[in-house]
Amino acid sequence: MLTRLWPGGYLVPRREEASFATQELERDGATLVKRVIQGDELNVLRDEIEGVYSNFGPDYRDAKKERAWSDDFRYEMFNRSPLAQKAAAHRGILDVIEPLIGEDCHVIANTCWRNPPATGSTHGGGNWHIDAGPHIPLREDQHWPEDLPHPVFAIGVQLYLEECPMASGPTAVIRGSHKSGRPPPQDRIADVDLTWNDQTADPLVAEPGDAAFFVSDVWHRRLPPESEHPGRFFLQIHYGRRDIAQRVKTTHDLNHVDDAAMRRIESDRERLLLGLHQQGFYDG
């Protein structure tokens, strides 16, 4: 746990006791908080986000081609929905994450997911993956010490606008795997029975208004939905430490490079040095 020390702005260990959800998130890499938003607050948020899907077409961020699942997503939601902007600042979320990534953490990506009812599965992070990192890579013969809390650099939050039962293929995590220092084994990314340190997949089954939290390094995926399922609908907000770059817009659309400097670029390496990165996970 940490906090910012002012003046100076340096990170120091946090002395105040944190909530159970924060402690579980640090220890296990995931937690589920019930009823973060309820009633009219939830209903008007859902209605406004439905309007975003009606008023904004899919923005095709994949440089290769339009994908069949492109319409499932809407990006930079706090720019498109005032209520999504307020949801990102909800104390029921910030109180969980700030002790881990700081009181000045910020939104690094903000995408809504509306995976429709379907026969079978469409895209939805359906293989084991991590969102970033691992931030502290370890060899297979290295192990994170159990008495040392693992640092957290980025956290994903799924705020559920509709119920997400097992039939829908909820997000599942392998608890503790953020301490592995490795991504999921590439030859088993589709294996529902994958384990780490004897931990199996834990589905984050949710009701409307619940929020699932997971650190960027934890192994997670969408479980296979049943042959007929009601779909999934949630607002996803990724938060990062102050020193983690925002990824709400791609570097192609928003960057710090003036036109003259852009014309002087002569190699891919120089392009990366100036911050013009290829599209990654947080970019959509």
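Author: Helices (H or I, at least four residues) and strands (E, at least two) are DSSP runs, numbered from the N terminus. This is a predicted model, in which local features need pLDDT of at least 70 and side-chain atom pairs count only at pLDDT 80 or more, while totals for chains, interfaces and linings use all residues. Residues are numbered from 1 along each chain as its sequence is written, and side-chain values use heavy atoms, with hydrogens and water left out.

Reader: What span is expected of helix H2, and how far does H2 reach?

Author: The expected span of a helix is 1.5 Å times one less than its number of residues. Helix H2 (residues 39-55) has 17 residues, and its reach of 25 Å from first C-alpha to last is close to the expected 24 Å.

Reader: Which residues of H2 are buried?

Author: Buried means under 20% relative accessible area, exposed over 50%, and partly exposed in between (1.4 Å probe, protein chains only). In H2 the buried residues are Leu-42, Leu-45, Ile-49, Gly-51, Val-52 and Tyr-53, and what covers them, by contact (heavy atoms within 4.5 Å), includes helix H4 (82-88) and strand S13 (232-240).

Reader: Where do the side chains of a strand point?

Author: In a regular strand the side chains alternate between the two faces of the sheet. Strand S8 (residues 171-174) is covered on both faces, with Thr-171 and Val-173 buried on one side and Ala-172 and Ile-174 buried on the other.

Reader: Which strand holds the bridge partner of Val-173?

Author: Two strands pair if DSSP finds at least two bridges between them. S8 and strand S11 (residues 220-222) run antiparallel and are joined by 3 bridges, with His-220 of S11 as the partner of Val-173.
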